[in-house]
Amino acid sequence: MCDYIPLDISTLYNVNDDIFNGITSPPIGHQTFHGLPFDIGSGHPSEPCFLGFGKSEGLYTSSFLLDINKPASRVVFAHTVLESKVQEGAPIGLPIADYNFILENGDIHSTVIRERYEIGFLPLPWGQCPFLCVPDQKP
């Protein structure tokens with residue numbers, strides 16, 4: 001789809017697919033999800049291909065700026081949560097992240113990413129699909 005181009009964020013990759021601890025084998029390399037292109041690393045599972053956030057060593061522990069530096073009317077993310085407490089009774093809708101978009105004119109558009117709304121978790125148990133996002137692949 002020529003209206004969408006994947007951003008090159010390879011200089012930010014800090015983890016490989018080991019981050020999934022065998023929960024799933026995530027698709028890597030050049031991918032198309034629902035007709036939209038994504039570049040997820042080079043396609044070699046041992047090489048860093050994801051941005052990992054958390055408290056463990058080697059993960060991002062704070063926010064950072066990702067410059068797009070080109071006009072964009074939409075920005076689409078492929079993201080997931082790997083450690084969730086929802087199955088243990090934690091409430092849904094807790095904030096996972098804040099995505100802040102700083103426009104060329106300086107305006108800031110903030111979006112709260114909430115678990116089970118804008119982001120889902122893995123493994124995805126039956127009946128636990130997020131409300132406001134879609135899985136990377138159709139069932």
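## Aromatic rings

Phe53, Tyr60 and Phe64 are linked into a cluster by ring pairs. Rings of Phe, Tyr and Trp (its six-membered ring) are paired if their centres lie within 6.5 Å; planes under 30 degrees apart are stacked, those over 60 are edge-to-face, and the rest are tilted. The model is predicted: local features need pLDDT of at least 70 and side-chain atom pairs count only at pLDDT 80 or more, while totals for chains, interfaces and linings use all residues. Numbering starts from 1 along each chain as its sequence is written, and side-chain values use heavy atoms, with hydrogens and water left out.

The count is eight aromatic pairs. Phe53 and Tyr60 form a tilted pair, with 5.4 Å from centre to centre and 35 degrees between the planes. Phe53 is partly exposed at 49% relative accessibility, and Tyr60 is partly exposed at 22% (buried is under 20% relative accessible area, exposed over 50%, partly exposed in between, with a 1.4 Å probe and protein chains only).

## The segment after β4

Tyr117 and Phe131 make another tilted pair, 5.0 Å centre to centre with 55 degrees between the planes. Both residues lie in the segment after β4, so the pair ties together parts that are 14 residues apart in sequence. Tyr117 is partly exposed at 24% relative accessibility, as is Phe131 at 46%.

The ring of Tyr117 also has the charged end of Arg114 over it, 4.4 Å from the ring centre. The rule for such a charge is NZ of Lys or CZ of Arg within 6 Å of the ring centre and within 35 degrees of the ring normal.

## Strands and hairpin

The protein has four strands and zero helices, where helices (H or I, at least four residues) and strands (E, at least two) are DSSP runs numbered from the N terminus. Strands β3 (residues 95–102) and β4 (residues 108–114) run antiparallel and are joined by seven bridges; two strands pair if DSSP finds at least two bridges between them.

Five residues lie between β3 and β4 in this hairpin, and Gly106 in the turn has a positive phi of about 95 degrees. Tyr99 stands opposite Thr111 in β4.

## Overall dimensions

The C-alpha trace spans about 45 × 35 × 35 Å along its principal axes. Buried residues account for 24% of the 139 residues. Of the contacts (heavy atoms within 4.5 Å) between residues at least 6 apart in sequence, 52% join residues at least 24 apart.
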